[in-house]
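The sequence and the structure are shown below, and the sections after them take up the parts in turn.

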Amino acid sequence: MTGAALIRDGELELAGDNTYDLPTVPIWHRGRIGLIGDAVHAPAPSSGQGASMALEDAVGMASSLAGADTQAGFRAFEQTRRQRVEKIVAMGARASSSKTPRGRAACSMTPPCG
Ligand SMILES: Cc1cc2nc3c(=O)[nH]c(=O)nc-3n(C[C@H](O)[C@H](O)[C@H](O)COP(=O)(O)OP(=O)(O)OC[C@H]3O[C@@H](n4cnc5c(N)ncnc54)[C@H](O)[C@@H]3O)c2cc1C
């Protein structure tokens, strides 16, 4: 089947979503709970970075906690990761903004927009 035939015979499916970046999260740990992945730095899905950063976090958190006091491990993890992940989320947001549909039709699918 040719590309033209696929377009002619196919169905047009458009989907909107309301996902948002988490550019900065002030608290990464409290008591015995430490957060990693999207919980502390969710990037735009279209940036294609979230899964890699979550995996990096898992390795980073494990090595920060290895043999360390838990609080010291959490602090070390945040210290080594925060700058990098926030930079990547910001870069992802810039890159993704060019992929975001604009105009009235797009607004009606992905409210709120301005
Ligand atoms: C539409 C879309 C497309 C994406 N495309 C890409 C891509 O191309 N490349 C890329 O790298 N990233 C992509 N991402 C981002 C990527 O999926 C996330 O960054 C990544 O999954 C984050 O991993 P995580 O482990 O931090 O969180 P999650 O994968 O969200 O894992 C959290 C888990 O915790 C569970 N959970 C939540 N609350 C509770 C609870 N109370 N008790 C027990 N379990 C709970 C959830 O069910 C979930 O399984 C995309 C995201 C979306 C939404």
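Which residue just after H3 takes a positive phi? Gly 67 does, with a phi of about 70°.

## Basis of the report

The model is predicted: local features need pLDDT of at least 70, side-chain atom pairs count only at pLDDT 80 or more, and totals for chains, interfaces and linings use all residues. Residues are numbered from 1 along each chain as its sequence is written.

## The chain as a whole

The chain has 5 helices and 2 strands, where helices (H or I, at least four residues) and strands (E, at least two) are DSSP runs numbered from the N terminus. Along the sequence their pattern is α-β-β-α-α-α-α.

Of the 114 residues of the chain, 18% count as buried. A residue is buried if 20 or more other C-beta atoms lie within 10 Å of its own, exposed if 12 or fewer, and partly exposed in between, with C-beta atoms placed from the backbone. Two residues are in contact if their C-beta atoms, placed in that way, lie within 7 Å. Among contacts between residues at least 6 apart in sequence, 56% join residues at least 24 apart.

## Helix H3

Helix H3 covers residues 50–65, and its 16 residues should span 22 Å at 1.5 Å a residue; the end C-alpha atoms are 22 Å apart, which agrees. The expected span is 1.5 Å times one less than the number of residues.

The buried residues of H3 are Gly 50, Met 53, Asp 57, Met 61 and Ser 64. Seen down the helix axis, they fall within an arc of 70°, so they line one face of H3; the arc is that of the directions from the axis to the C-beta atoms. An α-helix has 3.6 residues a turn, so residues three or four places apart point the same way. Strand S2 (33–34), helix H2 (38–41) and helix H4 (70–97) are among what covers the buried residues of H3. On the face turned away from the buried side are the exposed residues Ala 51, Ser 52, Leu 55, Ala 58, Val 59 and Ala 62. With 12 C-beta neighbours inside 10 Å, Leu 55 counts as exposed.

## The nonpolar core

A nonpolar core is a set of buried Ala, Val, Leu, Ile, Met, Phe, Trp, Tyr and Cys residues joined through C-beta atoms within 7 Å. The largest has 5 residues: Ile 36, Val 40, Met 61, Phe 74 and Phe 77. Leaving aside residues up to four places away in sequence, Phe 77 touches Gly 34, Gly 60, Met 61 and Ser 64.

## The surroundings of the ligand

Around the ligand are Thr 19, Gly 37, Asp 38, Pro 45, Gly 48, Gln 49, Gly 50, Ala 51, Ser 52 and Ala 54, each with its C-beta atom, placed from the backbone, within 6 Å of it. H3 gives the most to this shell, with 4 residues. The shell divides into 3 nonpolar, 6 polar and 1 charged; Ala, Val, Leu, Ile, Met, Phe, Trp, Tyr, Cys and Pro count as nonpolar, Asp, Glu, Lys and Arg as charged, and the others, Gly among them, as polar.

Gly 37 lies in the loop between S2 and H2 and is partly exposed, with 17 other C-beta atoms within 10 Å. Gly 37 touches Ala 54 and Asp 57, not counting residues up to four places away in sequence. Gly 37 and Met 53 are 16 residues apart in sequence and 6.5 Å apart in space, C-alpha to C-alpha.
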